[in-house]
Amino acid sequence: MHLSRRALLAAATATASLGPPTAAATGRLRTGFERLAADGYALLDGRRVGIVTNPTGITRDVRHLVDVMHADPRVRLTAVFGPEHGFRGTAQAGGSEGRYDDPATGLPVYDTYLKSGRPLADVFTASGVDTVVFDIQDAGARFYTYIWTLYDCMEAAQLAGKRFVVLDRPNPVTGRAALGPVLHKEFATFVGRQPIAQAHGMTVAELARLFNGEFLATPVPLETVLMTGWKRRDFYDASGLPWVPPSPNMPTPDTALVYSGTCMFEGTNLSEGRGTTRPFELLGAEGIDGRWAAAANGLGLPGVRFREAYFAPTFSKFQGRTVGGVQIHVHDRAAFDPVRTGIGLLVTARKVWDGFAWRSDDWIDRLTGSTRVRTMIGAGAGTDEVTGAWQEELAAFRRIRKEYLLYK
């Protein structure tokens, strides 16, 4: 994009408060919501507020922030907007809770899932809010849909003339680096609206600034409430925050650690571990044996080992049938590269199992952002060759990303 758009971004965010902490700020990590509340909700004073959130929108003592804000007379919370899986998290992948009144608070809950542009703007208008707040825990991967809910809501808020506030939370797998291929725009879907890296290495507030400065046709009036006490090298367990699964198949921070690589198996005929207690850490199919783990270990991938594993998914692919495959064991998180690992597993699975196939709809292309991974692996390319093919576009994204980072 053009420098003039970055000037627009600066103007759009000029009113932002609760930015980076002063040099004197010390102590434990505080989320954007914690800082907002500690400031007496001054940023929301006099506003009719609607919030986009889900079960991850909690306080340190595991109260939901909707319940907390609804009970506080300093906040005029009038609506809730639920993403995929729903505000209270009752729906599985590809589902939502629809429109209803929340039994706990009486607040109207509006469904944002699969809505964008003018239809979503109309939802914001119908709700009567003038400020839309976003607070959802991300998992750090381009194809995790909550960041595109953020994007869609920013675009819709601009169309509806609403103010937009992002309350920041940690990237659970650190913000050290962007990894993997960058989406090609012709493959844009809800698992990737815009050209960012497969593992973006950003927080949601940083992504919001990137979206506003690079991708939105007209920037939304954006304000961000940053964290204090978070460093880019920090994994989620350093935060001291409770982990709430942001979706049913993201049960632990360990899942998030591997997800940006092993979610690519959704684009194959292998199980990605849905229906087990270790989704995205267990991979397999009928007919696979210990040769796969041996081949994967033979790659010498940094920070990870693979164990021959057998499991029977309770739902999704191979429901109720015993399959063979691997379990991923990360022993050095700092050295581990999830996207490179995912490619290595795809390459070795195809070599050792003659039943390997891509999903018939070429979903792998939507997940990886182009035809490259599918066609290169199909032609017999190895791990180094595949991962080397995206380095130029990744370097270009990293240069753009650097301008929007908010933490050290």
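**Cavities, sheet and loops**

Modeller: Happy to. Searching the whole structure turns up 2 cavities of 30 Å³ or more. This is a predicted model, in which local features need pLDDT of at least 70 and side-chain atom pairs count only at pLDDT 80 or more, while totals for chains, interfaces and linings use all residues. Residues are numbered from 1 along each chain as its sequence is written, and side-chain values use heavy atoms, with hydrogens and water left out.

Colleague: What is the volume of the largest cavity?

Modeller: On a 1 Å grid over the protein atoms alone, a cavity is a set of points where a 1.4 Å probe fits but cannot get out, and lining residues have an atom within 4 Å of a point. Grid points are joined across faces, edges and corners, and the volume is the space filled by probe spheres set on the points. The lining consists of T56, I58, Q137, R169, Y236, P242, W243 and V244. For the largest cavity the volume comes to about 50 Å³.

Colleague: Which helix gives the most to the lining of the second largest cavity?

Modeller: The second largest cavity holds about 30 Å³, and its lining is made up of V347, R350, K351, I377, G380 and A381. Helices here are DSSP runs of H or I with at least four residues, strands are runs of E with at least two, and both are numbered from the N terminus. With 3 residues, the top contributor is helix α9 (residues 338-352).

Colleague: And the largest pocket: how do its lining residues divide by class?

Modeller: A pocket is an open set of points with protein on both sides within 12 Å along at least five of seven lines. The largest pocket has about 390 Å³ of space and 24 lining residues, with E84, A93, T145, E266 and R274 nearest its centre. For the classes, Ala, Val, Leu, Ile, Met, Phe, Trp, Tyr, Cys and Pro count as nonpolar, Asp, Glu, Lys and Arg as charged, and the others, Gly among them, as polar. The division is 14 nonpolar, 7 polar and 3 charged.

Colleague: Which residue stands opposite V52 in β2?

Modeller: Strands β1 (residues 49-53) and β2 (residues 77-82) run parallel and are joined by 4 bridges. In β2, the residue opposite V52 is F81.

Colleague: What does the buried part of helix α7 pack against?

Modeller: Helix α7 (residues 253-262) is mostly covered, with 8 of its 10 residues buried. Among them are T255, L257 and Y259. Taking contact as heavy atoms within 4.5 Å, the packing partners are β8 (197-199), β10 (282-285), β12 (323-330) and α9.

Colleague: Is R333 buried or partly exposed?

Modeller: R333 sits in the loop between β12 and α9. Leaving aside neighbours within four places in sequence, R333 touches R176, F235, D237 and L257. Its relative accessible area is 33%, so R333 is partly exposed.

Colleague: One for the backbone: what is the phi of F280?

Modeller: F280 is in the loop between α7 and β10. At 1% relative accessibility, F280 counts as buried. Although F280 is not a glycine, its phi is positive, at about 70 degrees.

Colleague: And where is S316, which also has a positive phi without being a glycine?

Modeller: S316 has a phi of about 70 degrees. At 34% relative accessibility, S316 counts as partly exposed. Its place is the loop between β11 (304-311) and β12.

Methods:
Pairing = 2+ DSSP bridges. Buried < 20%, exposed > 50% of the residue type's maximum accessible area, 1.4 Å probe, protein only.
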